[in-house]
Amino acid sequence: MLRSLYQPVKLTKITLYKIPARPLFLGKNLISVPECHSTNTALQALHDTSPQTEGTIFITAHQSAGRGQRGNSWEAEPGKNITFSVLLNPAFLAPADQFKLNMAVALGVAHGLQGLINAQVLVKWPNDLWLRERKVGGILIESQLRGHHLSSSIVGIGINVNQQRFQSPLATSLAVEAGHEFQLQEVLEAVAESLEGEYLRLRAGSAELKARYLANMYRMGESHKFIADGESFKGTIRDVDDAGRLCMDTENGPRAFSFQQVKFIF
Ligand code: BTN
């Protein structure tokens, strides 16, 4: 199944994107294709048939069937945005610690973008990237387990860069917010470098990961409306637990929600 999705893509190393200069290992193996269905699917299929080195980036200018969280699709106008996937081998993480990878990736991407634009990029739990109350990017992490550890993770990243119009009123791009266009290569470099830094800190066992994630979290400590089990309620985000659940103080006392259970209301 994965293979048949991948095969229509002609695998050529073209110079659409260059190997990012500053990261140590992330993107040193860069596969850049003009078009593919989903970079996550394509990289997984490639890795299954021909194992790739950690840090391999699979990137395309035109992702025709991008996948998002909750089974949603990810739309990106061809040639205007960044859509890529990174292969990581976080074998140092137990499955119960998967959310640490999520936090590190979200922080890495958020800080990479923040360095490009003079505005704060926040993480909307669990790993959406928010810029001035709108979504500028998303992350889809798909991990494989081997025994008691994660063996490989495909980290898919979509950043709205130069696109001007969106179907959703809650979506934006770097260019819309900054008032000027960005070079896609420059955005890739910034995100890859920052992501690698966070990943290396995670691998070294950084103790402040969660505190830094919480400090960069959208709507942290503010009272807002949410919806869970078909009912809306007011809650204040206080924490995330080890399983990655969102911990809130609500009208009915403290509650913890999984990703499938709760939605933000805007
Ligand atoms: C979301 O916010 O729903 C996650 C979106 C993730 C989109 C990226 S684009 C590159 C990679 N390939 C995919 O098919 N999805 C991710």
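Analyst: A residue counts as buried when its relative accessible area is under 20%, and as exposed when that area is over 50%, with partly exposed in between. The model shown here is predicted. In this model D128 has a relative accessibility of 8%, so D128 counts as buried.

User: Which residue forms a salt bridge with D128?

Analyst: Side chains of opposite charge can pair when their charged atoms come close. Here the partner of D128 is K135, and their closest N and O atoms are 3.1 Å apart. A network of salt bridges links K124, D128 and K135.

User: Which parts of the chain does the pair of E54 and R203 link?

Analyst: E54 and R203 form a salt bridge, with 3.5 Å between the closest N and O atoms. E54 lies in the loop between α2 and β2, whereas R203 belongs to helix α5, 149 residues apart. R203 is partly exposed because its relative accessibility is 42%.

User: In what order do the seven strands of the open sheet stand?

Analyst: Strands of a sheet pair through backbone hydrogen bonds, either parallel or antiparallel. In this sheet the order is β1-β2-β5-β9-β8-β7-β6, with mixed pairing. β1 and β6 stand at the edges with a single partner strand each, so one side of each has no neighbour in the sheet.

User: How many bridges join β2 to β5?

Analyst: Four bridges join these antiparallel strands, and F58 stands opposite S85 in β5. Helix α5 lies across β1, β2, β5 and β9, at about 30° to β5.

Notes: Residues are numbered from 1 along each chain as its sequence is written. This is a predicted model: local features need pLDDT of at least 70, side-chain atom pairs count only at pLDDT 80 or more; totals for chains, interfaces and linings use all residues. Side-chain values use heavy atoms; hydrogens and water are left out. Two strands pair if DSSP finds at least two bridges between them. Helices (H or I, at least four residues) and strands (E, at least two) are DSSP runs, numbered from the N terminus. Contact means heavy atoms within 4.5 Å. Axes are lines fitted to C-alpha atoms, for helices over the stretch in contact, and angles run from 0 to 180 degrees between N-to-C directions. A salt bridge is a side-chain nitrogen of Lys or Arg within 4 Å of a carboxyl oxygen of Asp or Glu. Buried means under 20% relative accessible area, exposed over 50%, partly exposed in between (1.4 Å probe, protein chains only).
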